[in-house]
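Trainee: I would like to go through this structure with you before I set anything up. Could we take it step by step?

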Amino acid sequence: MRATSRLMSSLGVSRGHRSRTIAAIAFAWVAGCGGGGGGSSETFESPSEVSSSGGQLTMDLTISQQENKVGDLHFTSTVYNGDYAAPLLRVRPGDSIHLRLRNLAQHQPSNVHYHGLEVSPKPPGDTIFVQVEPENCYDYTIKIPSDQSTGLYWYHSHMMGLAETQVFNGLSGGLLVEGITEKLPFLDGIKNRVMILKDVQASADGRVTTPDYSKPTLRTINGVVRPSMAIRPGETQLWRVGNMGANLLYQLAIDGHEIVEISRDGNIHTKPVRHRATILPPGARTEFLITGGAPGTYTFRTLAVNTGPDGDPTPEDILGSLVVSGSQDTPVKVPETLAQVPDLRSKALTRTRRIVFSENNDAGQFFINGKMYSPSRDDVVVNLGSTEKWDLVNNSAEVHTFHIHQIDFQVVGRNGRPVDFTGYQDTVDINPGENVQIIIPFTRPSQVGRFVFHCHILEHEDGGMMQNIVVVDPSNPAAVDNNRMIQGKPCS
Ligand SMILES: [Cu+2]
């Protein structure tokens, strides 16, 4: 929770209208729309998108000030490509992304992180040690490995000290690695929906600064307030949902319907995981199957989340509605085995580490192992080829969300109790007083370099809850780039 409350206008907006005055909806999303949805009209909108072609995705990502209207809320914020929801980047395993970040915003530097991709942290790749000042540009090249797991990822500002404000303004968007139907043929022909979750508050003058969760916040799906999603009775759809806001945890539930989760953080599960409600910390993604029940309208909601005595209030809220109507369809039969990936508990451990999250709530200071972030300090050094077990310990009175760049991990325990193996993830929540055990395989040569792990509640990250990690190739220790602040250049 924030130490000082900021003056924010109460939103007091009436919700439930679909309205979106966003420029640059360049492409309609048509791929993957096999199902019918009963012929009902719906207010759901897919994000705009940019797709790769011939193995390359070449694009400009332009940050600018933009007037937005979301529901009944008018606000001015910095967004990507004139679109509060931001374009969905659609790629395939093995593709390269050539992205020119153009910072045309008036006042702040920025950069881009490609969350969840198992790509190199070396410049000009997925490095956070880039600062692109206003009117400057930076050219990223992101080489996605051919074995990148297919699913939903995202990109967002990772500007030190400014990430919370910039993501809250709208500087985050989805990235879909295509090909899930090739891995899971039973999904062939069913309707896919990508859902980018963000929330927004504006001050009395219509600006977006930092969130104040003592006040209401406006929830959106792809920039739409409380959209309706149509489905036929018995029809199965794949919902691919990412938490791309700054700070909030979600607990997703659809009244009267079971969530059958098949993927987490872009990693297909080893087996389906069935939920009444699923926790989605900031930065996390869930992909699940939903099968229409009896005709009627059902609420898609986030349940209240207990974030701890020092946490931000996170009350229940309505995200949208599921409208079941039309002719009866036949549900998809979900196999009991999905992906076959190694259980990392069978690997020999190189070492264990204890990573302690704590905070000085009154001062708004956030620590890992007693230290606030310093870009010039290397906190963890790992040899390539190591497999490590980390004990993530929450010594504070609010929830934190662990995320490490470039690598997926396996959660193996909570509070010392073993956890069922369902696959990998890149983000995990740690409740107050809890400890979570994970195994991290530092085994891909692409991991060599300097990157970070941090709390993905961005208020905490900006407040210091982040550390540098360096993966070193012992046979080539000079392969780590030591330039810790690369400046963008004037746009040519
Ligand atoms: Cu945190």
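Mentor: We shall go from the whole chain to domains, sheets and single residues. Please keep in mind that this is a predicted model.

Trainee: Overall picture to begin with. How many helices and strands are there?

Mentor: The secondary structure comprises 3 helices and 34 strands. The radius of gyration is 21 Å, close to the 23 Å from the globule rule for 492 residues, so the protein is as compact as a globular protein of that length.

Trainee: And what does the C-alpha trace span along its principal axes?

Mentor: The span is about 65 × 55 × 50 Å. Buried residues account for 51% of the 492 residues. As for contacts between residues at least 6 apart in sequence, 79% of them join residues at least 24 apart.

Trainee: Which domains does the assignment give?

Mentor: The assignment lists domain 1 (37-181), domain 2 (186-324) and domain 3 (344-477). The C-alpha centres of domain 1 and domain 2 are separated by 20 Å.

Trainee: How many residues of those two are in contact?

Mentor: On the domain 1 side there are 40 residues, in contact with 42 residues of domain 2. Several elements each give two or more residues to the domain 1 side: strands S3 (73-80), S9 (151-156) and S10 (172-177), together with helices H1 (163-169) and H2 (180-183).

Trainee: What is the make-up of that side by class?

Mentor: The side of domain 1 that touches domain 2 has 16 nonpolar, 21 polar and 3 charged residues.

Trainee: Let us move to the sheets. What is the strand order in the one with S13?

Mentor: That open sheet has 5 strands in the order S13-S21-S20-S15-S18, with mixed pairing. Strand S13 (228-231) and strand S18 (278-280) each have a single partner strand, so one side of each is left without a neighbour in the sheet. On average, neighbouring strands of this sheet are turned by 25 degrees against each other, direction ignored.

Trainee: What about S15, with which strands does it pair over 3 bridges?

Mentor: S15 pairs with S18 in the antiparallel sense over 3 bridges, and Tyr 250 has Leu 280 in S18 as its bridge partner. S15 also pairs with strand S20 (residues 296-302), again antiparallel and over 3 bridges. There, Leu 252 has Thr 302 in S20 as its bridge partner. Strand S15 (residues 250-254) is mostly covered, with 4 of its 5 residues buried.

Trainee: How many residues of S19 are buried?

Mentor: In strand S19 (residues 285-291), 7 of its 7 residues are buried. Arg 285, Glu 287, Leu 289 and Thr 291 point one way, Thr 286, Phe 288 and Ile 290 point the other way, and all are buried. In a regular strand the side chains alternate between the two faces of the sheet.

Trainee: Which strands pair with S19?

Mentor: Strand S14 (residues 236-243) pairs with S19 in the antiparallel sense over 7 bridges; Thr 236 has Thr 291 in S19 as its bridge partner. Strand S16 (residues 259-264) is joined to S19 by 4 bridges, and these two also run antiparallel. Here the bridge partner of Arg 264 in S19 is Thr 286.

Trainee: Now the sheet with S24. What is its order?

Mentor: The order is S24-S32-S31-S26-S29, an open sheet of 5 strands with mixed pairing. Strand S24 (380-383) and strand S29 (427-430) are the edge strands, each pairing on one side only. Strand S31 (residues 449-455) and strand S32 (residues 466-472) run antiparallel, joined by 6 bridges, and Val 452 stands opposite Asn 468 in S32.

Trainee: Which residues does Asp 462 touch?

Mentor: Leaving out residues up to four places away in sequence, Asp 462 touches Gly 161, Leu 162, Ala 163 and Glu 164. Asp 462 and Gln 365 are 97 residues apart in sequence, with a C-alpha to C-alpha distance of 9.2 Å.

Methods
Residues are numbered from 1 along each chain as its sequence is written. This is a predicted model: local features need pLDDT of at least 70, side-chain atom pairs count only at pLDDT 80 or more; totals for chains, interfaces and linings use all residues. Two strands pair if DSSP finds at least two bridges between them. Axes are lines fitted to C-alpha atoms, for helices over the stretch in contact, and angles run from 0 to 180 degrees between N-to-C directions. The radius of gyration is taken over C-alpha atoms; the globule rule is 2.2 Å times the number of residues to the power 0.38. A residue is buried if 20 or more other C-beta atoms lie within 10 Å of its own, exposed if 12 or fewer, and partly exposed in between; C-beta atoms are placed from the backbone. Two residues are in contact if their C-beta atoms, placed from the backbone, lie within 7 Å. Domain bounds come from an automatic or database domain assignment. Ala, Val, Leu, Ile, Met, Phe, Trp, Tyr, Cys and Pro count as nonpolar, Asp, Glu, Lys and Arg as charged, and the others, Gly among them, as polar.
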